[in-house]
Amino acid sequence: MSSPFPKTVDKVKGVEILAPIPDNAKHIFNIEALGLIATLHRNFNGKRKELLANRKKQQQLRDSGKLPDFLPETEYIRNDQTWTGPPLAKGLEDRRVEITGPTDRKMVINALNSGVATYMADFEDSLTPAWKNLVDGQVNLYDGVRKNLTFEQGSKKYKLNLDPGRHIPTLIVRPRGWHLLEKHLLVDGEPVSGGIFDFALYFYNNAFETIKQGFGPYFYLPKMEHHLEAKLWNDIFCFSQDYIGMRRGTIRGSVLIETLPAAFQMDEIIYQLRQHIGGLNCGRWDYIFSYIKSLRNHPEFILPDRSQVTMSAPFMSSYVKLLVNTCHKRQVHALGGMAAQIPIKDDEARNKAALENVAKDKLREVNAGCDSCWVAHPALVPVVLKVFNEHMKGPNQINVPPKVPYTPVTARDLLSPYVPDAKITEQGIRANCIIGLSYIEAWLRNIGCVPINYLMEDAATAEVSRTQLWQWVTHGAKTDKGEVITKAYVSKLLSEEFSKLEKAAKPGNKFKQALDYFKPEGLGEKYSDFVTTLIYDDITTIGRSINAEKL
């Protein structure tokens, strides 16, 4: 299948764009920005591929019985108490509540009007990387940095609240992870890294303007599994700042610790980025996904229903405890996790109970020493701000003594699958079927952030859903009723939930296609590293037209 659009061969030698650039985005795709993308690709894509190959080698070692542990070769970094991260950057001193979400125009306006400290504009888990979404996102952030953002939807008009004295959140951009490609832009005939594409377009077009606006070019860095992956980002930061004549250290990168291997390398990740580090974040849903994925060959690490794997589970609380201690020892922010609840408008009692649970969760985080937390919806901001304002009197807790004296976290603490009163239920299996199918179906329609049962679900929760089913079927786990979780059993429940979802959906839905992708994974017939890479070709404008050898 060939592309329906003619190639745009830019004046930058070797750059080909395989999708249309709308008139309102031509200023984003300027010669200089494309030149930076091409230069970064030529200098760093080889190392990116090498690091991705190393992930596979490490997974093979784990599959064969070598469990994750702290690295002996970097013990000197962990033991050296003399080094720290940089001074806190302007606009990042106080991050007590951060809102996250995709980069569509209405979302960007609502997030910047929400009264939080910072806004993470997401090109990763909550955004389907369809070309239109990516291009619109870059345009919206360009306008958002310059506070020139309006949007009309029917009779409704949205604009930034620029009243005197009103705080506009500091903008932080999350580019895609190292494993994702951007197939619409080729350099020397090869697709570029999605992360390099997202970073370079935003950085080149906005870096100096962010300084004028009182903050800086700030980023959240996802999905890393090794400290050398953080070094790659640091090398790209240094190169890019030199490229545009910006002082090194102006960029700040906050790292999501959302993979199990990275949990054993927190000191090392901060060290590799120590000129640019903004903090470490507790990426809870991706962390659970990575825990199952990393240890999937070992039946002793089976986890119960997702709803039971809360942050109070010992192996999860140990991960937070280690993160907070590591960050504060290195004088950087320990960034808390996500509150994914959305308002239950038609049930006041349920909504009140949900908000009370959010408050309890955030109280746990602030008492654990976290300097911030995430919310997915503006309605949660007052609830969460109240908790942090009452229990964190300064802009952060970096130099506040912990409420409970720190005791070392061991490898056993991080690996233990213990969850109090753990059980797998038929309802838990059905919930995974519903979330997995619903999210993939929406993703195939170019929607990357989906409300399901009053929770805002993104790619991370879909990954947990299909990986849990794979784990339970593969190892023959049992439900609380003693039912062995077989392919036939899951297939039956999956078919029932698929039928309900398809029947209730609007015409033109993509549930059948979603089932085709999800079923082999959920039944343990195959295991893909990421569901997003599995289905990416279906949302590109070029489909599978690029020669596979170039990928």
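Buried means under 20% relative accessible area, exposed means over 50%, and partly exposed lies in between (1.4 Å probe, protein chains only). Strands (E, at least two residues) and helices (H or I, at least four) are DSSP runs, numbered from the N terminus.

This is a predicted model, in which local features need pLDDT of at least 70, side-chain atom pairs count only at pLDDT 80 or more, and totals for chains, interfaces and linings use all residues. Residues are numbered from 1 along each chain as its sequence is written, and side-chain values use heavy atoms, with hydrogens and water left out.

**Strand 14 and its partners**

- Strand 3 (residues 97–102) runs parallel to strand 14, and 3 bridges join them. Two strands pair if DSSP finds at least two bridges between them.
- Glu98 stands opposite Trp374 in strand 14.
- Strand 13 (residues 333–339) also pairs with strand 14 in the parallel sense, over 3 bridges. Here Ala339 has Val375 as its bridge partner.
- From strand 13 the chain crosses through helix 11 (residues 348–368) to strand 14, in a right-handed β-α-β crossover. Right-handed means that, with the strands pointing away from the viewer, the path from the first strand over the helix to the second runs clockwise.

- Strand 11 (residues 252–257) is mostly covered, with 6 of its 6 residues buried.
- Arg252, Ser254 and Leu256 point one way from strand 11, while Gly253, Val255 and Ile257 point the other way.
- In a regular strand the side chains alternate between the two faces of the sheet.
- Strand 10 (residues 218–221) pairs with strand 11 in the parallel sense over 4 bridges. Tyr220 stands opposite Ser254.
- Strand 10, helix 6 (residues 227–244) and strand 11 form a right-handed β-α-β unit.
- Strand 12 (residues 277–282) and strand 11 pair in the parallel sense over 5 bridges. Ile257 stands opposite Cys282 in strand 12.

**Nonpolar cores**

- The largest nonpolar core has 135 residues, of which Phe29, Phe199, Ile257, Leu280 and Tyr319 touch the most other members. Such a core is a set of buried Ala, Val, Leu, Ile, Met, Phe, Trp, Tyr and Cys residues joined through side-chain atoms within 4.5 Å.
- Another core lies apart from it, with 36 residues, among them Leu444, Tyr489, Phe511 and Phe518.
- Leaving aside neighbours within four places in sequence, Phe199 is in contact (heavy atoms within 4.5 Å) with residues including Leu40, Pro175, Phe219, Trp233 and Ile251.

**Cavities**

- The structure holds 3 cavities of 30 Å³ or more. A cavity is a set of points, on a 1 Å grid over the protein atoms alone, where a 1.4 Å probe fits but cannot get out; lining residues have an atom within 4 Å of a point.
- The largest cavity has a volume of about 90 Å³. Volume here is the space filled by probe spheres set on the points.
- Its lining has 16 residues, of which Glu124, Asp125, Leu180, Ala459 and Thr532 lie nearest the centre.
- Helix 15 (residues 459–474) gives the largest share of that lining, 3 residues.

**Lys510**

- Lys510 lies in the loop between helix 16 (487–504) and helix 17 (511–522).
- Lys510 counts as partly exposed because its relative accessibility is 29%.
- Lys510 touches Glu441, Leu444 and Arg445, not counting residues up to four places away in sequence.
- The C-alpha atoms of Lys510 and Ala442 are separated by 7.7 Å, although the two are 68 residues apart along the chain.

Notes: 1 Å grid on protein atoms, 1.4 Å probe; cavity = no way out; pocket = protein on both sides within 12 Å on 5 of 7 lines; lining within 4 Å.
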